[in-house]
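Hi there,

Here is the structure I promised to pass on to you. Please open it beside this email and follow along as you read.

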Amino acid sequence: MTRKEVDGTINLSGKLTSGNVSEIEICLQEALTETADLVIDLNDLKSIDVSGYFMLFIFKKNAVLANKKVTYLINSTPIITGSINGINPPKLAL
């Protein structure tokens, strides 16, 4: 997983999985302390597992509670992977 910040937008690439989700969350939290409106580009992600999806959901929820705005950019390519007890997670539409 790599993180690159350009013009106030954070671009995540590679995989967002249980192996790196904590590290990425810390980076996103640090970026959110510097702005009230954070844009996170997910278009270069190859896959997201359930841990990554959950972190993005909770991250946005906590940002809203802190009166901040988080926007996720993503094209229509399916990047969510994994399942819970045979149930596929919903498409990422945050």
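Where does asparagine 67 lie? Asparagine 67 is in the loop between helix H2 (50-65) and strand E4 (69-73). Helices (H or I, at least four residues) and strands (E, at least two) are DSSP runs, numbered from the N terminus.

Two notes before going on. This is a predicted model, in which local features need pLDDT of at least 70, side-chain atom pairs count only at pLDDT 80 or more, and totals for chains, interfaces and linings use all residues. Residues are numbered from 1 along each chain as its sequence is written, and side-chain values use heavy atoms, with hydrogens and water left out.

**The overall plan**

The protein has two helices and four strands. Reading from the N terminus, their order is β-β-α-β-α-β. Of the 94 residues in the protein, 33% are buried. Here buried means under 20% relative accessible area, exposed means over 50%, and partly exposed is in between (1.4 Å probe, protein chains only). Contact means heavy atoms within 4.5 Å. Among contacts between residues at least 6 apart in sequence, 69% join residues at least 24 apart.

Strand E2 (residues 9-16) pairs with strand E3 (residues 37-48) in the parallel sense, over seven bridges. Two strands pair if DSSP finds at least two bridges between them.

Is serine 13 buried or exposed? Serine 13 is buried, because its relative accessible area is 16%. Serine 13 and lysine 46 are 33 residues apart along the chain, yet their C-alpha atoms are separated by 7.0 Å.

**The two helices**

Helix H1 (residues 21-33) has 13 residues and reaches 18 Å from its first C-alpha to its last, close to the 18 Å expected at 1.5 Å a residue. The expected span is 1.5 Å times one less than the number of residues. The buried residues of H1 are Val21, Ile24, Cys27, Leu28, Ala31 and Leu32. They are on the same side of H1 because they cover an arc of only 135° around the axis. The arc is that of the directions from the helix axis to the C-beta atoms. On the other side of H1, the exposed residues are Glu23, Ile26 and Thr33.

H2 has 16 residues and reaches 23 Å from first C-alpha to last, close to the expected 22 Å. Gly52, Tyr53, Met55, Leu56, Phe59 and Ala63 are buried in H2. Seen down the axis, these residues fall within an arc of 160°, so they line one face of H2. Their cover includes E2, H1, E3 and E4. Phe54, Val64 and Leu65 are exposed on the face of H2 turned away from its buried side.

Asparagine 67 is exposed, with a relative accessible area of 71%. Its phi is near 60°, a positive value in a residue other than glycine. Most residues other than glycine have a negative phi.

Glutamate 34 is in the loop between H1 and E3, and is exposed, with a relative accessible area of 66%.

Enjoy exploring!
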